[in-house]
Amino acid sequence: MDESSGVGVLDKAAMVLAALEQGPMTLAGLVQSTGLARPTAHRLAVALEHHRLVGRDLQGRFVLGPRLAELAASAGEDRLLSTAGPILARLRDITGESAQLYRKQGEIRVCVASADRPTGLRDSIPVGSQLSMGAGSAAQVLLAWEEPERLQRGLLNATFSAVGLTGVRRRGWAQSVAEREPGVASVSAPVRSPGGKVIAAVSVSGPIERLSRQPGRLHAPAVMAAADRLSEVLRRTGGEE
């Protein structure tokens, strides 16, 4: 079947986006995956980055951008994002700390929704922020239930260990203290698709002075309840298979 739309530049841009579904790519990787000439691949990737359809990870590689998630939510196709706002706001009000929703994107995690503590010292993570998969409680949750090969690859540069992730799977939540950033603690729990796959992580984060060095003791029940509510929405609507 001819997959050409007849508009060459759009077809080539779609090839770049489709290639990035596989995960982060260097320019050389894009050229190899798409078959485009190097100058063409670079020009398209940079143009898509300008419109936030493509982003960069911490190593400077091209990744799918946050605008795609925003468009899906606006179209009503993403039940997770369209429901997350009120649940995160409720979690923020219960815990008194900023709440976030993260998704794994290749070798990084992206904040796709947040509800910040309105006043005082807080950990504010803007929507669209790209964070490492090597540190933080959300990274632990997003990696803990991965296939063994991906899990081992993810642990190579992580601040946490395989033993630690075994504990995360057993408890159903993760905590971190000064892993991602000095002075910041967090607690996270998994959001699951109707098929049981972990597709996102709900988190609360804030200063260690308030969350203590055992933040899970304070906030794990509330974070798990919020994650379960999001998972239940997906089960009812059949979203995020």
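## A partly exposed loop residue

Ala178 has a relative accessible area of 36%, so the residue counts as partly exposed. The model it belongs to is predicted. Ala178 sits in a loop, with strand 6 (174–177) on one side and strand 7 (184–192) on the other. Its backbone stands out. The phi of Ala178 is positive, about 60°, although the residue is not a glycine.

Ser212 also has a positive phi, here about 75°, and is not a glycine. This residue lies in a loop too, between helix 9 (208–211) and helix 10 (215–237). Ser212 has a relative accessibility of 29%, so it counts as partly exposed.

## The whole protein

The protein is built from ten helices and eight strands. Its C-alpha trace spans about 55 × 35 × 35 Å along the principal axes. The radius of gyration is 19 Å; for 241 residues a compact globule would have a value near 18 Å, so the two agree.

Of the 241 residues, 47% count as buried. Among contacts with a separation of 6 or more, 56% come from residues 24 or more positions apart.

## Surface and charge

The accessible surface of the protein comes to about 12000 Å². Carbon and sulfur atoms account for 52% of that surface.

The protein carries 29 positive and 24 negative charges. The mean position of the positive charges and that of the negative charges are 5 Å apart.

Beyond neighbours within four places in sequence, Ser98 is in contact with several residues, including Ala115, Asp116, Arg117 and Arg122. Asp123, Ser203, Val204 and Ser205 are also among the contacts of Ser98.

Gln100 belongs to strand 3 as well. With a relative accessible area of 1%, Gln100 is buried, because the cut-off is under 20%. The side chain of Gln100 makes a polar contact of 3.0 Å with the side chain of Ser205. Residues up to four places away in sequence aside, Gln100 touches Leu88, Cys111, Ala113 and Ser114, among others. Its contacts also include Asp123, Ile125, Ala201 and Val202.

## An enclosed helix

Helix 6 covers residues 137–144. Eight of its eight residues are buried, so the helix is largely enclosed by the rest of the structure. Its buried residues include Ser137, Ala138, Ala139 and Gln140. Val141, Leu142, Leu143 and Ala144 are buried residues of helix 6 too.

## A residue of helix 8

Thr166 is found in helix 8, which covers residues 162–171. Thr166 has a relative accessible area of 38%, so it counts as partly exposed. Thr166 and Trp145 are 21 residues apart in sequence. In space, their C-alpha atoms are 9.3 Å apart.

Definitions and conventions: Residues are numbered from 1 along each chain as its sequence is written. This is a predicted model: local features need pLDDT of at least 70, side-chain atom pairs count only at pLDDT 80 or more; totals for chains, interfaces and linings use all residues. Side-chain values use heavy atoms; hydrogens and water are left out. Helices (H or I, at least four residues) and strands (E, at least two) are DSSP runs, numbered from the N terminus. The radius of gyration is taken over C-alpha atoms; the globule rule is 2.2 Å times the number of residues to the power 0.38. Buried means under 20% relative accessible area, exposed over 50%, partly exposed in between (1.4 Å probe, protein chains only). Contact means heavy atoms within 4.5 Å. Accessible areas come from the Shrake-Rupley method with a 1.4 Å probe; for residues, only the protein chains shown count as cover. Lys and Arg count as positive and Asp and Glu as negative; His and the chain ends are not counted. The place of a charge is taken as NZ of Lys, CZ of Arg, CG of Asp or CD of Glu. A polar contact is a pair of N or O atoms within 3.5 Å; within protein, one must be able to donate a hydrogen and the other to accept it, and residues adjacent in sequence count only if both atoms are side-chain atoms.
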